[in-house]
Amino acid sequence: MEGLGMGGIAGGIEICITFPTEYVKTQLQLDEKANPPKYKGIGDCVKQTVQGHGVKGLYRGLSSLLYGSIPKSAVRYVTN
């Protein structure tokens, strides 16, 4: 049972660290279809997101990903 908790925590930390990068990547991919584009690049996307929503804006949608990723990481940790 101890491994289950450790795996879940490790998975949650991993998601929290990598999520802003994934968020920006997704925003830029969606922006490719916009006419005119909203963002000029990675830095501009981060800047506009932080200006519009604060640093928390880079973590919008994180909770739904955590709900699935923590149990998945916990099970993977225990079974490996």
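This is a predicted model: local features need pLDDT of at least 70, side-chain atom pairs count only at pLDDT 80 or more; totals for chains, interfaces and linings use all residues.
Visitor: What makes the rings of Phe19 and Tyr23 a tilted pair?

Guide: Their centres are 6.5 Å apart and their planes stand at 35°; because planes under 30 degrees apart would count as stacked and those over 60 as edge-to-face, the pair of Phe19 and Tyr23 is tilted. Both residues lie in helix α1, four residues apart, which is about one turn of the helix, and both Phe19 and Tyr23 are buried.

Visitor: Why is the aromatic pair of Phe19 and Tyr59 described as stacked?

Guide: The rings of Phe19 and Tyr59 are 6.5 Å apart from centre to centre, with 20° between the planes, and since stacked requires planes under 30 degrees apart, the pair is stacked. This pair links distant parts of the chain, with Phe19 in helix α1 and Tyr59 in the loop between α2 and α3, 40 residues apart. The count of aromatic pairs comes to two, and Phe19, Tyr23 and Tyr59 form one aromatic cluster.

Visitor: What makes Glu22 and Lys25 a salt bridge?

Guide: The closest N and O atoms of Glu22 and Lys25 are 3.2 Å apart, and because a salt bridge needs a side-chain nitrogen of Lys or Arg within 4 Å of a carboxyl oxygen of Asp or Glu, Glu22 forms a salt bridge with Lys25. The structure holds one salt bridge, and its two residues both lie in helix α1, three residues apart, about one turn of the helix. An α-helix has 3.6 residues a turn, so residues three or four places apart point the same way.

Visitor: How do you know that the span of helix α2 agrees with its number of residues?

Guide: Helix α2 runs over residues 42-53, and its 12 residues, at 1.5 Å a residue, should span 16 Å. The end C-alpha atoms of α2 are 16 Å apart, so the two values agree. Just after α2, Gly54 takes a positive phi of about 80°.

Visitor: Which residues of α2 are buried, and what puts them on the same side of the helix?

Guide: Asp44, Cys45 and Thr49 are buried in α2. They cover an arc of only 130° around the axis, and therefore they lie on the same side of α2. The face of α2 turned away from this buried side carries the exposed residues Gly43 and Gln51.

Visitor: Why does Ile42 count as exposed, and what does Ile42 touch?

Guide: Ile42, which has its place in helix α2, has a relative accessibility of 59%, and because exposed means over 50%, Ile42 counts as exposed. Leaving out residues up to four places away in sequence, Ile42 touches Val24 and Leu28. Ile42 and Lys25 are 17 residues apart in sequence and 7.9 Å apart in space, C-alpha to C-alpha.

Visitor: What makes Ser73 buried, and which residues does Ser73 touch?

Guide: The place of Ser73 is in helix α3, and its relative accessible area is 16%; because buried means under 20%, Ser73 is buried. Apart from residues up to four places away in sequence, Ser73 touches Gly7, Gly8 and Gly11.

Visitor: Which residues make up the largest nonpolar core?

Guide: The largest nonpolar core has nine residues in all, namely Ile15, Phe19, Tyr23, Val24, Tyr39, Cys45, Leu58, Leu62 and Leu66. Helices α1 and α3 each supply at least two residues of this core, and α1 gives the most, with four residues.

Conventions: Residues are numbered from 1 along each chain as its sequence is written. Side-chain values use heavy atoms; hydrogens and water are left out. The expected span of a helix is 1.5 Å times one less than its number of residues. Buried means under 20% relative accessible area, exposed over 50%, partly exposed in between (1.4 Å probe, protein chains only). The arc is that of the directions from the helix axis to the C-beta atoms. A nonpolar core is a set of buried Ala, Val, Leu, Ile, Met, Phe, Trp, Tyr and Cys residues joined through side-chain atoms within 4.5 Å. Rings of Phe, Tyr and Trp (its six-membered ring) pair if their centres lie within 6.5 Å; planes under 30 degrees apart count as stacked, over 60 as edge-to-face and the rest as tilted. Contact means heavy atoms within 4.5 Å.
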